[in-house]
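Visitor: Hi, I have just opened this one and would like someone to walk me through it. Could we start with a residue and work outwards?

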Amino acid sequence: MTRAHENSHGNGAGLPRVPSIPLSDDASTPGDQSIGGLVKDATTHLSTLIRGELELAKAEVGREVKKGLTGSVSLIVALVVLLLSIPFLFVAFALGLNDLVDWEDHPWAGFLITFGLFLLVVGLLVLVGVRKFKRIRAPQRTIDSAKDTIAALRSRGDDERGELEPSRP
């Protein structure tokens with residue numbers, strides 16, 4: 001058997017050992033085997049080939065999934081750090097307002113203005129959200145289609161009964 005990473009391109013390092021199909025069988029010549037033996041060998045080789053391909057695919061996909069997970073974790077940690085740093089930005093904004101207007105006697109004023117700006121942004125976002133919710137409508141085409149389908153199935157059921165016997169609830 002050969003290893004999967006011992007291929008002609010040399011780019012399969014680290015892949016698991018998979019069974020391979022021998023290119024020649026020294027034990028017998030093709031004229032010595034029956035048709036049944038040849039079919040058996042062909043199905044065995046095909047099965048081995050498919051198993052080998054599946055093992056190779058699992059190994060490659062597994063490595064790529066690990067790379068993706070590592071990248072995702074990095075991005076999630078970066079997002080958490082960004083979210084944790086946002087309050088510092090707003091504190092700096094409030095202190096900057098205090099320095100800009102020179103409110104040394106009232107250091108809370110910059111923070112109050114920053115809080116007011118937050119409330120303004122929240123109010124605008126709530127207004128936009130409420131307007132979007134008011135635009136939601138029922139899926140009328142789907143409802144009509146479902147009613148048409150139910151009506152067609154009911155009328156087909158009546159046709160199959162022959163309308164001779166009364167329908168039962």
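This is a predicted model: local features need pLDDT of at least 70, side-chain atom pairs count only at pLDDT 80 or more; totals for chains, interfaces and linings use all residues.

Guide: Gladly, and let us start with Thr114, which touches Phe90, Phe93, Ala94 and Leu97 when residues up to four places away in sequence are left out.

Visitor: Okay, and where is Thr114 found?

Guide: Thr114 is found in helix H2.

Visitor: Does Thr114 count as buried or exposed?

Guide: Thr114 counts as buried, because its relative accessibility is 5% and the term buried is used for anything under 20% relative accessible area.

Visitor: Let me step back a bit. How many helices and strands are there in the protein chain?

Guide: The protein chain has 3 helices and 0 strands, and the pattern read along the sequence is α-α-α.

Visitor: And what share of the residues counts as buried?

Guide: Of the 169 residues in the protein chain, 7% count as buried, and Thr114 is itself a buried residue. The protein chain exposes about 14,500 Å², and carbon and sulfur atoms supply 66% of that area.

Visitor: What about contacts between residues at least 24 apart?

Guide: If you take the contacts in the protein chain between residues at least 6 apart in sequence, 33% of them join residues at least 24 apart.

Visitor: New topic: which residues make the nonpolar surface patch?

Guide: That patch, of about 530 Å², is made by Phe93, Ile113, Leu117, Leu120, Leu124 and Leu127. Helix H2 gives the most to the patch, with 5 residues, and Leu124 is one of the patch residues found in helix H2.

Visitor: Now charges. How many salt bridges turn up in the whole structure?

Guide: A search of the whole structure finds 2 salt bridges. As background, side chains of opposite charge can pair when their charged atoms come close. In one of the salt bridges, the side chains of Lys58 and Glu55 meet at 3.7 Å, N to O, and in another, Glu64 pairs with Lys67, with the closest N and O atoms 3.3 Å apart.

Visitor: Where do Lys58 and Glu55 lie?

Guide: Lys58 and Glu55 both lie in helix H1, 3 residues apart, which is about one turn of the helix. Lys58 counts as exposed, at 57% relative accessibility, while Glu55 is partly exposed, with a relative accessible area of 32%.

Visitor: And why are Glu64 and Lys67 separated by about one helical turn?

Guide: Glu64 and Lys67 are about one helical turn from each other because they are 3 residues apart in helix H1. Glu64 is partly exposed, with a relative accessible area of 45%, and Lys67 is exposed, with a relative accessible area of 54%.

Visitor: Which residues form the negative surface patch?

Guide: The negative surface patch is formed by Asp99, Asp102, Glu104 and Asp105. Asp102 is found in the loop between helix H1, residues 35-101, and helix H2, residues 108-134, and Asp102 is exposed, with a relative accessible area of 52%.

Visitor: Which residues gather in the patch of positive charge, then?

Guide: Arg131, Lys132, Lys134 and Arg135 gather in that patch on the surface. Lys134 has its place in helix H2 and counts as exposed, at 62% relative accessibility.

Technical notes
Residues are numbered from 1 along each chain as its sequence is written. Side-chain values use heavy atoms; hydrogens and water are left out. Patches are made of residues with over 30% relative accessible area and no salt bridge: like charges are joined within 9 Å, nonpolar side chains (Val, Leu, Ile, Met, Phe, Trp, Tyr) within 5 Å. Accessible areas come from the Shrake-Rupley method with a 1.4 Å probe; for residues, only the protein chains shown count as cover. A salt bridge is a side-chain nitrogen of Lys or Arg within 4 Å of a carboxyl oxygen of Asp or Glu. Lys and Arg count as positive and Asp and Glu as negative; His and the chain ends are not counted. The place of a charge is taken as NZ of Lys, CZ of Arg, CG of Asp or CD of Glu. Helices (H or I, at least four residues) and strands (E, at least two) are DSSP runs, numbered from the N terminus. Buried means under 20% relative accessible area, exposed over 50%, partly exposed in between (1.4 Å probe, protein chains only). Contact means heavy atoms within 4.5 Å.
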